[in-house]
Amino acid sequence: MDIAIEKLIPQRYPIKVVDSLVEVNGEDAVCQLTLRADNCFIEGDGKMAEPGLIEHIAQSASAFAGYRAVSSGATEPPLGYIGEVKGFQCHYRPSLGETLLTTISMGPEIDGITLISGVVKSGDKVVAETRMKIYVA
Amino acid sequence: MLLENKFYRVVSVEKRENLSAVYSIDILPECEVYKGHFPGNPVCPGVFNIETIKECSMLLCGKPLRIAGVKQCRFTAISTPEKTPRAQVELLLTPSETGYTVTASIYDSQLRYVEFKGNLIYD
């Protein structure tokens, strides 16, 4: 999609771990990240530490929420915080150069808390998945 | 280690019975992450607290570990380098077939920030 990611999420270098919002389809969205050395989760062996995958899923959900906010007239991306991570699984740590495509399913919002789930893939391999509660401060 | 002496520094450790301990850490305000989280409004990334739990678990058991799964991790308060310059990381490692089940929390004298239960495996 043709919106700069900086308009959708407030995170910046070195912790910005989404390159773009690729598509939105109802309650689902897809985000993309190509792993480069400029993010703070790359370990000495050139692979992304597991918490980086949790952050990537959270920022993907944040980009989706930002897209909805911008679509309804907001000028600044909302600041979202992770309230809870549940059922996270890391199948492997992806390496520099890999491109991650992450599907976010947005659940209902209750009292400012939104339930989301995210699945991170690299090609046809599942890298990681989790459910999460996110709240906007 | 990804974050030791960058995001936090271990000040002291109190080891208890079996694989249980409390690490006192300083949160380092000069960490580069605050340039981007968030510009002009430094907030400790919740996932950095998870990595800190992983790294303290590695210090405690003396082996490299990976996070295979997080059963549940609750972030119950927002920590910042200004409001939370020092924190306690309390750990209990229970051996499993492939590594450890880790139960952990991060707190200071005021607040509890993180409650974590996950499955860390040998790397």
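Which residues touch the most other members of the largest nonpolar core? Ala61(A) and Val89(B) do, in a core of 71 residues. A nonpolar core here is a set of buried Ala, Val, Leu, Ile, Met, Phe, Trp, Tyr and Cys residues joined through C-beta atoms within 7 Å. A residue is buried if 20 or more other C-beta atoms lie within 10 Å of its own, exposed if 12 or fewer, and partly exposed in between, with C-beta atoms placed from the backbone. Helix H1 (residues 50-71) of chain A gives the largest share of this core, eight residues.

The model is predicted: local features need pLDDT of at least 70 and side-chain atom pairs count only at pLDDT 80 or more, while totals for chains, interfaces and linings use all residues. Residues are numbered from 1 along each chain as its sequence is written, and chains are lettered from A and ligands numbered from 1 in the order in which they are written.

**Stop 1: chain A as a whole**

Chain A has one helix and six strands, in the order β-β-α-β-β-β-β from the N terminus. Helices (H or I, at least four residues) and strands (E, at least two) are DSSP runs, numbered from the N terminus. The radius of gyration of chain A is 14 Å, close to the 14 Å of the globule rule for 137 residues, so chain A is as compact as a globular protein of that length. That radius is taken over C-alpha atoms, and the rule is 2.2 Å times the number of residues to the power 0.38. The C-alpha atoms fill a box of roughly 40 × 30 × 25 Å along the principal axes. Of the 137 residues, 40% count as buried. Among contacts in chain A with a separation of 6 or more, 63% come from residues 24 or more positions apart; two residues are in contact if their C-beta atoms, placed from the backbone, lie within 7 Å.

**Stop 2: the helix of chain A**

Select residues 50-71 of chain A, helix H1(A). Its 22 residues should span 32 Å at 1.5 Å a residue, and the end C-alpha atoms are 32 Å apart, which agrees. The expected span is 1.5 Å times one less than the number of residues. H1(A) is mostly covered, with 17 of its 22 residues buried. After the helix comes Gly73(A), whose phi is positive, near 105°.

**Stop 3: Leu33(A)**

Leu33(A) is buried, with 25 other C-beta atoms within 10 Å. Leaving out residues up to four places away in sequence, Leu33(A) touches Val17(A), Val18(A), Asp19(A), His56(A) and Leu100(A).

**Stop 4**

Now select residues 125-136 of chain A, strand S6(A), together with residues 80-90, strand S3(A). The two pair in the antiparallel sense over eight bridges; strands pair if DSSP finds at least two bridges between them. Lys86(A) has Arg131(A) in S6(A) as its bridge partner. S5(A) and S6(A) form a hairpin with two residues between them, and Gly123(A) in the turn has a positive phi of about 65°.

**Stop 5: where the chains meet**

Bring chain B back. How many residues of chain B are in contact with chain A? The count is 24, against 24 residues of chain A. Helix H1 (46-61) and strand S3 (65-75) of chain B are the elements that give two or more residues to this side of chain B. S3(B) gives the most, nine residues. By class, the side has 14 nonpolar, five polar and five charged residues. Ala, Val, Leu, Ile, Met, Phe, Trp, Tyr, Cys and Pro count as nonpolar, Asp, Glu, Lys and Arg as charged, and the others, Gly among them, as polar. S3(A) and S3(B) pair in the antiparallel sense over five bridges. To find the pairing, select Phe88(A), which stands opposite Val70(B).

**Stop 6: inside chain B**

H1(B) has 16 residues, of which 13 are buried. From first C-alpha to last H1(B) reaches 23 Å, close to the 22 Å expected. Gly62(B) follows, with a positive phi near 75°.

Next select Tyr100(B) in strand S5 (residues 99-107) of chain B. Tyr100(B) is buried, with 22 other C-beta atoms within 10 Å. Its contacts beyond four places in sequence include Ser57(B), Cys61(B) and Leu120(B). Ser57(B) is 43 residues away along the chain, yet the two C-alpha atoms are separated by 9.2 Å.

End at Val89(B), which, beyond four places in sequence, touches residues including Val22(B), Ile53(B), Cys56(B) and Ile106(B).
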